[in-house]
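Please look over the sequence and the structure below before reading on. The report that comes after them describes how the chain is put together and which residues lie inside.

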Amino acid sequence: MNNLYIRQEILELKIPESVAVIGVGGTGTWVALGLAMSGVPELYLIDPDSLENHNRNRLPFPIGQVSRSKVDVVGDLIVSLRPDINLVKMQTRADGNLLGILPPLYVVDCTDKYKLQLELYEKCKELGKIYIRCGYDGTRISVTSTVPKWSLEDDPNDGYTIVPSWV
């Protein structure tokens, strides 16, 4: 029994063997960190972006990390805390095709683009993967297994419609 995870084992928690976190920004970083610290043995981090200075108000990274890829910055933090984790970093845009080649059964969507969320949700249904969407719009945190229904015509930016005061 691994002493680090003895509590999870005593509680007989069902920790997934492998999880893909898509989008490691303001929400995804914390989701990935929580999954790693809960004992998920294999974690995929997927995000095409680099850390920008304006991201630092909601992420625990020093200014020296700016311009590095988000998957590298988040991955380095996770590996420093969990050196035994099997971490796969993919600095790429996620889409339905990528889901088709990823092994994890669990997909945690932390993106902020509705069209992409809808595409990932539909592809997960088709592939039999478990889809979980996590987000924060400035007023509430949402964790759900579906995608909200709204008209793309009402959201021309295809992202957050509420801008938090701290962003």
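What follows is a description of the model by topic, from the overall layout to single residues.

## Overall layout

The model is predicted, and the chain in it contains five helices and six strands. Read from the N terminus, these elements follow the order α-β-α-β-α-β-α-β-α-β-β.

Of the 167 residues in the chain, 42% count as buried. Among the contacts with a separation of 6 or more, 62% are accounted for by residues 24 or more positions apart.

In soluble globular proteins, nonpolar side chains tend to be buried together. The largest nonpolar core in this model has 23 residues, of which V21, L35, L43, L45, I78 and V108 touch the most other members. At least two residues of this core are supplied by each of β1 (18–22), α2 (28–38), β2 (42–46) and α3 (70–81), and the largest share, five residues, comes from α2.

L43 shows how such a residue is surrounded: leaving aside residues up to four places away in sequence, L43 touches V19, V21, A32, L35, A36, I78, I85, N86, L87 and V88.

## Helices α2 and α3

The buried residues of α2 are G28, T29, V31, A32, L33, L35 and A36, and what covers them includes β1, β2, α3, β4 and β5. Just after α2 comes G39, which takes a positive phi of about 105 degrees. Helix α3 has twelve residues and reaches 17 Å from its first C-alpha to its last, which is close to the 16 Å expected at 1.5 Å a residue. Within α3, the residues K70, V71, V73, V74, G75 and I78 are buried, and their cover includes α2, β2 and β3 (86–90).

Two packed helices are described by the angle between their axes and the distance between the axes. For α2 and α3 the angle is about 20 degrees and the axes are 10 Å apart; because angles under 35 degrees count as roughly parallel, the two helices α2 and α3 are therefore roughly parallel to each other. Their crossing is right-handed. In the contact between these helices, T29, A32, L33, A36 and M37 of α2 meet V74, L77, I78 and L81 of α3.

## Helix α5

Helix α5 covers residues 114–127, a run of 14 residues, and reaches 20 Å from its first C-alpha to its last, close to the 20 Å expected at 1.5 Å a residue.

Following α5 is G128, a residue whose phi is positive, near 75 degrees.

## Loop residues

E12, in the loop between α1 (6–10) and β1, has a positive phi near 55 degrees; with a relative accessible area of 61%, E12 is exposed. S67, which lies in the loop between β2 and α3, has a positive phi near 85 degrees, and at 61% relative accessibility S67 counts as exposed.

P48 is also found in the loop between β2 and α3, and at 39% relative accessibility P48 counts as partly exposed. Although P48 and T92 are 44 residues apart along the chain, their C-alpha atoms are separated by 4.2 Å. Not counting residues up to four places away in sequence, P48 touches Q91, T92 and R93.

Technical notes. Residues are numbered from 1 along each chain as its sequence is written. This is a predicted model: local features need pLDDT of at least 70, side-chain atom pairs count only at pLDDT 80 or more; totals for chains, interfaces and linings use all residues. Side-chain values use heavy atoms; hydrogens and water are left out. A nonpolar core is a set of buried Ala, Val, Leu, Ile, Met, Phe, Trp, Tyr and Cys residues joined through side-chain atoms within 4.5 Å. Buried means under 20% relative accessible area, exposed over 50%, partly exposed in between (1.4 Å probe, protein chains only). Helices (H or I, at least four residues) and strands (E, at least two) are DSSP runs, numbered from the N terminus. Contact means heavy atoms within 4.5 Å. The expected span of a helix is 1.5 Å times one less than its number of residues. Axes are lines fitted to C-alpha atoms, for helices over the stretch in contact, and angles run from 0 to 180 degrees between N-to-C directions. Angles under 35 degrees count as roughly parallel, over 145 as roughly antiparallel, 65 to 115 as roughly perpendicular and the rest as oblique. A crossing is left-handed if the near helix is turned anticlockwise from the far one by less than a right angle, and right-handed if clockwise.
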